[in-house]
Amino acid sequence: MKALVIIDMQNDFMPGGALAVPGGDQIIPLVNKLQEKFDLVIATQDWHPENHSSFADNHHDKENFDTTVIDGLEQTLWPVHCVQTTDGADFHPHMNAARIEAIFRKGTDPAIDSYSGFYDNAHKKATGLTGYLKGKGVTSLYFCGLAAEYCVSFSVLDAIEEGFKVTLYEDATRALDEAAFEKMKTQIIEKGGRLKLAGEL
Ligand code: VGL
Ligand code: ZN
């Protein structure tokens, strides 16, 4: 059994949003078309409280995109984004959300960031996504969404570790930084993940 996992297709990651991924909206038609190929579609949603520690505004003397160390973990400090219940946290209105069977929210603990849909960045707390998928008999996962080198790649790497057969649709994702995504792709392949073009389906 296979499932499509749509990562963080939210307004704040789209052009004009608080943490815009270049071309993020260009993948919407492909993400919508991809859903037709799957019997199970699930999504993740970045869902931060206002006081989240990943926001530069919540640190003195820090600017957006600075890095710092929180609890021994390196953290990029982001512009305020995907605040719970705001328009920026909503899915893009053109993305078909009708067939999404479950939404896993992450980044809800103000003390720690969570790029992956499976675990926080310290790998301390699970979201329950593995149990949900295994309970449904899912063995293969296919990923698309935003941002390629952060939430998408971290989710893909965790999925491999959790024992799923994993494919990333590289034309159904966009990166904040292309070079950083190239590095993540190398890691994904080394760990046994597969890269594929959705447009070729
Ligand atoms: C993301 C940075 C901060 C993402 C979320 O969805 O890739 N990136 N929060
Ligand atoms: Zn975030």
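Residues are numbered from 1 along each chain as its sequence is written, and chains are lettered from A and ligands numbered from 1 in the order in which they are written. In this predicted model, local features need pLDDT of at least 70 and side-chain atom pairs count only at pLDDT 80 or more, while totals for chains, interfaces and linings use all residues.

**The whole chain**

Begin with the chain in cartoon form. It has four helices and eight strands, assigned as DSSP runs (helices H or I, at least four residues; strands E, at least two) and numbered from the N terminus. Followed from the N terminus, the order is β-α-β-β-β-β-α-β-α-β-α-β. The C-alpha trace spans about 50 × 30 × 30 Å along its principal axes. A compact globule of 201 residues would have a radius of gyration near 17 Å, and the 16 Å of this chain agrees with that; the radius is taken over C-alpha atoms, and the globule rule is 2.2 Å times the number of residues to the power 0.38.

Next select residues 3-185, which the unreviewed UniProt entry annotates as "domain: Isochorismatase-like". UniProt positions are given in the numbering used here, feature names are shortened, and annotations may be inferred rather than shown by experiment. This stretch is 20% helix and 22% strand, with its end C-alpha atoms 21 Å apart.

A residue is buried if 20 or more other C-beta atoms lie within 10 Å of its own, exposed if 12 or fewer, and partly exposed in between, with C-beta atoms placed from the backbone.

Centre on Val152. Beyond its neighbours within four places in sequence, Val152 is in contact (C-beta atoms, placed from the backbone, within 7 Å) with Ile7, Phe143, Gly145, Leu146, Ala147, Leu168 and Thr173.

Also in α3 is Ser153, which counts as buried because it has 26 C-beta neighbours inside 10 Å. Leaving aside neighbours within four places, Ser153 is in contact with Ala148, Met184 and Ile188.

**The ligand and the cis peptide**

Select ligand 1 and its surroundings: Asp8, Phe13, Asp46, Trp78, Tyr115, Leu146, Ala147, Tyr150 and Cys151. Each has its C-beta atom, placed from the backbone, within 6 Å of the ligand. This shell divides into seven nonpolar, no polar and two charged residues; Ala, Val, Leu, Ile, Met, Phe, Trp, Tyr, Cys and Pro count as nonpolar, Asp, Glu, Lys and Arg as charged, and the others, Gly among them, as polar.

Leu146 and Ala147 are joined by a cis peptide bond, with omega about -20°. Ala147 lies in the loop between β6 and α3.

**Two loop residues**

Most residues other than glycine have a negative phi, and most peptide bonds are trans. Select Asp61, in the loop between β2 and β3 (67-70); its phi is positive, near 60°. Asp61 is exposed, because 7 other C-beta atoms lie within 10 Å.

Finish at Asp71, in the loop between β3 and β4 (73-76). Its phi is also positive, near 50°, and with 11 C-beta neighbours inside 10 Å, Asp71 counts as exposed.

Key: Contact = placed C-beta atoms within 7 Å.
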